[in-house]
Amino acid sequence: MRLLYSNRSAAWLVLGGAAVQDALPDARACISLRPDWPKWHYRQGAALEALGQKAEAMAAYIRAQDPEPSNADTNAKVKALRSQDIKPQVGR
């Protein structure tokens, strides 16, 4: 089930526009099913970033980095947000 949510979340992001808002609930559903997998946090970060919630996105990307610190895609997202002086917003 989590792969369905993950792939659907990614598809919503690719579609863009109004579909982006549907990516976040699917990413959160993945996290609720397996919170230790970094890909789900990355998907959540991508959805939040697409929705303009950059501080929350940064927190999600950092959670994705924790178990997988050498992931180039996640590291690039964190670096890009840091270059915009975005600080992670935790507690959400």
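## Contacts and basis

Two residues are in contact when heavy atoms of theirs lie within 4.5 Å. Among contacts in the protein chain between residues at least 6 apart in sequence, 50% join residues at least 24 apart.

The model is predicted: local features need pLDDT of at least 70, side-chain atom pairs count only at pLDDT 80 or more, and totals for chains, interfaces and linings use all residues. Residues are numbered from 1 along each chain as its sequence is written, and side-chain values use heavy atoms, with hydrogens and water left out.

## Overall fold

The protein chain holds five helices and zero strands; helices (H or I, at least four residues) and strands (E, at least two) are DSSP runs, numbered from the N terminus. Read from the N terminus on, the order of elements is α-α-α-α-α. The radius of gyration of the protein chain is 12 Å, close to the 12 Å from the globule rule for 92 residues, so the chain is as compact as a globular protein of that length. That radius is taken over C-alpha atoms, and the rule is 2.2 Å times the number of residues to the power 0.38.

Along its principal axes, the C-alpha trace spans about 35 × 30 × 25 Å.

## Surface and charge

Of the 92 residues in the protein chain, 39% are buried. Buried means under 20% relative accessible area, exposed means over 50%, and partly exposed lies in between (1.4 Å probe, protein chains only). The protein chain exposes about 5300 Å², and carbon and sulfur atoms supply 53% of that area. Accessible areas come from the Shrake-Rupley method with a 1.4 Å probe; for residues, only the protein chains shown count as cover.

The side chains include 13 positive and 9 negative ones, and the centres of the two sets lie 0 Å apart. Lys and Arg count as positive, Asp and Glu as negative, while His and the chain ends are not counted. Each charge is placed at NZ of Lys, CZ of Arg, CG of Asp or CD of Glu.

## Aromatic pairs

Two aromatic pairs are found in a search of the whole structure. One of them joins Tyr42 and Tyr61, a tilted pair with 5.4 Å from centre to centre and 50° between the planes. The pair links distant parts of the chain, with Tyr42 in helix H3 (residues 38-50) and Tyr61 in helix H4, 19 residues apart. Rings of Phe, Tyr and Trp (its six-membered ring) pair if their centres lie within 6.5 Å; planes under 30 degrees apart count as stacked, over 60 as edge-to-face and the rest as tilted.

Tyr42 is partly exposed at 21% relative accessibility, whereas Tyr61 is buried at 0%.

Gln65 belongs to helix H4 (residues 54-65). Gln65 is buried, at 18% relative accessible area. Not counting residues up to four places away in sequence, Gln65 touches Thr74, Asn75 and Val78.

Asp85 sits in the segment after helix H5 (72-83). Its phi is near 60°, a positive value in a residue other than glycine. Asp85 is exposed, with 55% relative accessibility. Asp85 and Ala59 are 26 residues apart in sequence and 13 Å apart in space, C-alpha to C-alpha.

Pro88 is also placed in the segment after H5, and at 38% relative accessible area Pro88 is partly exposed. Leaving aside neighbours within four places in sequence, Pro88 is in contact with Ala55, Met58, Ala59 and Ile62. From Pro88 to Val20 there are 68 residues in sequence and 21 Å in space, C-alpha to C-alpha.
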